[in-house]
Amino acid sequence: MKALLLRDLRLAVRAGGGFGLGLAFFLIVTVLVPFAVGPDPALLSRIAPGVLWLGALLACLLSLDRLLALDHEDGTLDLLATAPLPLEGALGIKAFAHWITTGLPLVAAAPVLGLMLNLSVSGYAVLVGALLLGTPALSTIGLFGAALTVGVRRGGLLLSLLVLPLYVPTLIFGAEAARRAATGQEAATPLLMLAGLTLATLALMPFASAAVLRMGLR
Amino acid sequence: MSLWEYANPVRFLRLSAKAQPVLWVAAGLSLSLGLLWGFFGTPDDMRQGSTVKIIYLHVPAALMAINAWFMMLVASLIWLIRRHHVSALAAKAAAPVGLMMTLIALVTGAIWGQPMWGTWWAWDPRLTSFLILFLFYLGYIALWSAIDDPDTAADFTSVLCLVGSVFAVLSRYAVKFWNQGLHQGTSVPVATGGRTISDVFFYPLVLSMVGFGLLFIALVFLRTGTEIRQRRTRALLARARRGG
């Protein structure tokens with residue numbers, strides 16, 4: 001498992017595996033928003049939590065088709081399916097590696113971008129916390145979408161369509177927590193809901209994805 | 001005699017051929033009767049005027065949009081557990097019907113909402129849930145058409161239907177949390193048994209609901225039959241090619 005994790009991380013960082021892509025996309029979205037809606041600090045401050053969450057979600061979506069497609073092309077996936085390590089575990093590790101290479105940089109970049117969007121001071125801690133709690137759910141749900149579309153040629157559009165409605169609850173709870181904190185309200189409820197959602201997807205999605213992959217490889 | 005006998009495509013087609021005329025006639029009768037009664041035989045509402053009459057399209061369509069997904073869920077489960085092809089094909093056949101029902105509910109809701117709420121669309125929990133349901137239908141249909149091998153496609157879409165159902169329910173509660181409702185509560189609460197709608201409007205409504213339900217069943221029978229025959233044609237063509 002450790003070897004697989006290290007391998008995925010190395011591949012992502014070295015071979016131009018889109019390590020910077022998600023981060024760059026996140027940066028572009030948040031930097032372009034003030035140009036699109038105008039530089040009014042009050043307005044920016046009001047929409048900042050939502051924009052940051054949306055940017056993180058789209059950046060995550062962008063990198064999903066790489067999650068399994070490359071391994072499917074070169075046959076690694078077949079090897080993993082027949083390896084002694086259960087496929088569920090292998091997929092969980094792959095989602096974890098995806099989170100480290102896309103989710104974690106987004107979480108780290110969010111406060112800086114929040115500064116540019118004039119996010120109110122009370123919002124930072126909860127925004128980072130919510131992203132930290134929510135992005136693993138984005139990765140694991142994305143894993144399921146990637147497993148469904150792994151054999152489909154040019155499945156990127158299909159993947160986005162499938163994953164889009166699945167992302168809705170995560171986005172709602174995450175953005176709600178950040179927004180409540182930014183406006184000085186209590187944010188514990190959405191944070192707890194978000195944490196529950198993430199734990200549930202962490203527990204169930206690797207199994208669903210592995211089931212789908214086995215069906216596809218049969 | 002058990003229900004599982006109809007998992008045999010031949011038996012299913014025989015049943016479908018026998019049941020369809022009855023279903024179509026019953027659906028046509030109850031729909032036309034319910035709609036005509038509803039549109040012309042009921043008085044205008046005190047506050048909503050004649051716009052209230054769109055209820056005879058809106059509510060049954062919304063009801064069937066949800067039930068169609070539920071039927072697909074059951075059919076997917078049967079496919080995953082017992083691997084009857086008819087079941088998978090029935091789920092496939094129901095999806096576009098459900099999509100259209102969702103669309104009808106959304107469009108009639110918008111047409112009613114414009115004069116009544118003063119807006120075509122609001123990010124109300126019910127409206128938003130239906131939009132999400134619409135996206136689920138789209139994704140489901142797109143996944144069916146994206147995968148070439150029919151059995152794999154059936155497997156994948158079944159799992160998507162299961163996972164999607166969980167997330168659809170989750171979204172329903174998430175959007176409630178996210179925004180307050182503009183949509184009125186149900187007029188026919190099943191749980192409490194009481195109802196907040198006058199009998200004058202209620203009976204034609206029930207008739208249209210029955211009509212929409214029968215129409216849905218008839219359409220699913222028809223479309224499943226088409227799918228079965230299509231698959232049989234494909235198998236025959238493949239055999240002919242191999243032989244010749």
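How many helices and strands are there in chain A? In this predicted model, chain A contains 9 helices and 0 strands, and its pattern along the sequence reads α-α-α-α-α-α-α-α-α. The radius of gyration of chain A is 18 Å, close to the 17 Å given by the globule rule for 218 residues, so the chain is as compact as a globular protein of that length. Taken along the principal axes, the box filled by the C-alpha atoms of chain A is roughly 55 × 35 × 30 Å.

Within chain A, the packing of helix 4 (residues 65-73) against helix 7 (residues 124-148) was examined. The axes of these two helices come within 8 Å and cross at roughly 40°. The crossing of helix 4 of chain A past helix 7 of chain A is right-handed. On the side of helix 4, the contact involves D65(A), L67(A) and L68(A), which meet G142(A), L143(A), A146(A) and A147(A) of helix 7. Classified by residue type, this contact comprises 5 nonpolar, 1 polar and 1 charged residues.

In chain B, helix 2 spans residues 55-82 and has 28 residues. The distance from the first C-alpha of helix 2 of chain B to its last is 39 Å, close to the 40 Å expected at 1.5 Å a residue. Helix 2 of chain B is followed by R83(B), for which phi is positive, near 55°.

Terms used
Residues are numbered from 1 along each chain as its sequence is written. Chains are lettered from A and ligands numbered from 1 in the order in which they are written. This is a predicted model: local features need pLDDT of at least 70, side-chain atom pairs count only at pLDDT 80 or more; totals for chains, interfaces and linings use all residues. Helices (H or I, at least four residues) and strands (E, at least two) are DSSP runs, numbered from the N terminus. The expected span of a helix is 1.5 Å times one less than its number of residues. Axes are lines fitted to C-alpha atoms, for helices over the stretch in contact, and angles run from 0 to 180 degrees between N-to-C directions. A crossing is left-handed if the near helix is turned anticlockwise from the far one by less than a right angle, and right-handed if clockwise. Two residues are in contact if their C-beta atoms, placed from the backbone, lie within 7 Å. Ala, Val, Leu, Ile, Met, Phe, Trp, Tyr, Cys and Pro count as nonpolar, Asp, Glu, Lys and Arg as charged, and the others, Gly among them, as polar. The radius of gyration is taken over C-alpha atoms; the globule rule is 2.2 Å times the number of residues to the power 0.38.
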